[in-house]
Amino acid sequence: MGTLIKALLREALTDRINDGQVYMKGVDTSYRYEGYSIYRIEDMKKAISGRDIR
(Lines give C-alpha, C1' and ligand atoms only; values in the text may rest on other atoms or scores of the structure.)
Protein backbone atom coordinates (compact mmCIF):
# COMPACT_ATOMS: atom_id res chain seq x y z
CA MET A 1 0.00 0.00 0.00
CA GLY A 2 2.78 2.45 0.91
CA THR A 3 4.52 1.86 -2.41
CA LEU A 4 1.33 2.67 -4.32
CA ILE A 5 0.86 5.92 -2.40
CA LYS A 6 4.48 6.91 -3.02
CA ALA A 7 4.08 6.23 -6.74
CA LEU A 8 0.91 8.30 -6.96
CA LEU A 9 2.47 11.19 -5.05
CA ARG A 10 5.65 11.09 -7.13
CA GLU A 11 3.58 11.53 -10.32
CA ALA A 12 1.67 14.48 -8.83
CA LEU A 13 4.71 16.42 -7.58
CA THR A 14 6.36 19.21 -9.52
CA ASP A 15 9.73 20.92 -9.44
CA ARG A 16 8.13 24.23 -10.47
CA ILE A 17 7.99 25.50 -6.88
CA ASN A 18 8.59 29.13 -7.86
CA ASP A 19 5.91 29.19 -10.57
CA GLY A 20 3.08 31.52 -9.54
CA GLN A 21 0.69 29.89 -12.02
CA VAL A 22 1.17 26.50 -10.35
CA TYR A 23 0.64 28.06 -6.92
CA MET A 24 -2.57 29.83 -7.97
CA LYS A 25 -3.89 26.66 -9.57
CA GLY A 26 -3.36 24.93 -6.23
CA VAL A 27 -5.28 27.69 -4.45
CA ASP A 28 -8.16 27.34 -6.92
CA THR A 29 -8.18 23.57 -6.45
CA SER A 30 -8.20 23.93 -2.69
CA TYR A 31 -11.10 26.37 -2.74
CA ARG A 32 -13.05 24.17 -5.17
CA TYR A 33 -12.48 21.18 -2.86
CA GLU A 34 -13.90 23.19 0.04
CA GLY A 35 -16.97 24.07 -2.01
CA TYR A 36 -16.07 27.63 -2.92
CA SER A 37 -16.54 27.93 -6.65
CA ILE A 38 -17.67 31.56 -6.90
CA TYR A 39 -14.17 33.00 -7.21
CA ARG A 40 -11.25 31.93 -9.34
CA ILE A 41 -7.77 33.39 -8.98
CA GLU A 42 -7.61 34.16 -12.71
CA ASP A 43 -10.86 36.16 -12.51
CA MET A 44 -9.64 38.03 -9.45
CA LYS A 45 -6.37 38.91 -11.20
CA LYS A 46 -8.32 40.34 -14.14
CA ALA A 47 -10.58 42.34 -11.82
CA ILE A 48 -7.69 43.99 -10.00
CA SER A 49 -5.31 44.41 -12.92
CA GLY A 50 -4.06 47.94 -13.14
CA ARG A 51 -4.86 48.70 -9.49
CA ASP A 52 -2.25 49.12 -6.76
CA ILE A 53 -3.16 46.44 -4.18
CA ARG A 54 -0.29 46.93 -1.76
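**Exercise 1.** Does glutamate 34 count as buried or exposed, and what is its relative accessibility?

*Solution.* The structure is a predicted model, and the first step is to find the residue, which lies in the loop between helix 2 and helix 3. The next step is to compare its relative accessibility with the cut-off, and since exposed means over 50%, glutamate 34, at 54%, counts as exposed.

**Exercise 2.** Describe how helix 2 and helix 3 meet, and name the residues that make the contact.

*Solution.* Begin with the axes: those of helix 2 (residues 20-33) and helix 3 (residues 41-48) come within 9 Å and cross at roughly 115°. Then list the residues, which are Gln21, Met24, Val27 and Asp28 on the side of helix 2, and Ile41, Glu42 and Lys45 on the side of helix 3. Finally, sort them by class, which gives three nonpolar, one polar and three charged residues in this contact.

**Exercise 3.** Work out whether aspartate 28 is buried or exposed, and say which residues it touches.

*Solution.* Aspartate 28 belongs to helix 2, and its relative accessibility is 17%. Because buried means under 20%, aspartate 28 counts as buried. If residues up to four places away in sequence are not counted, aspartate 28 touches Arg40, Ile41 and Glu42.

**Exercise 4.** Find how many salt bridges are counted, and which side chains meet in a salt bridge.

*Solution.* Start from a general idea: side chains of opposite charge can pair when their charged atoms come close. The count for this model comes to one salt bridge, and the side chains of arginine 16 and aspartate 19 meet in a salt bridge at 2.7 Å, N to O. This distance can be checked against the cut-off, which asks for a side-chain nitrogen of Lys or Arg within 4 Å of a carboxyl oxygen of Asp or Glu. As for accessibility, arginine 16, at 45%, counts as partly exposed, and aspartate 19, at 25%, also counts as partly exposed.

Note on methods: Residues are numbered from 1 along each chain as its sequence is written. This is a predicted model: local features need pLDDT of at least 70, side-chain atom pairs count only at pLDDT 80 or more; totals for chains, interfaces and linings use all residues. Side-chain values use heavy atoms; hydrogens and water are left out. Axes are lines fitted to C-alpha atoms, for helices over the stretch in contact, and angles run from 0 to 180 degrees between N-to-C directions. Helices (H or I, at least four residues) and strands (E, at least two) are DSSP runs, numbered from the N terminus. Contact means heavy atoms within 4.5 Å. Ala, Val, Leu, Ile, Met, Phe, Trp, Tyr, Cys and Pro count as nonpolar, Asp, Glu, Lys and Arg as charged, and the others, Gly among them, as polar. Buried means under 20% relative accessible area, exposed over 50%, partly exposed in between (1.4 Å probe, protein chains only).
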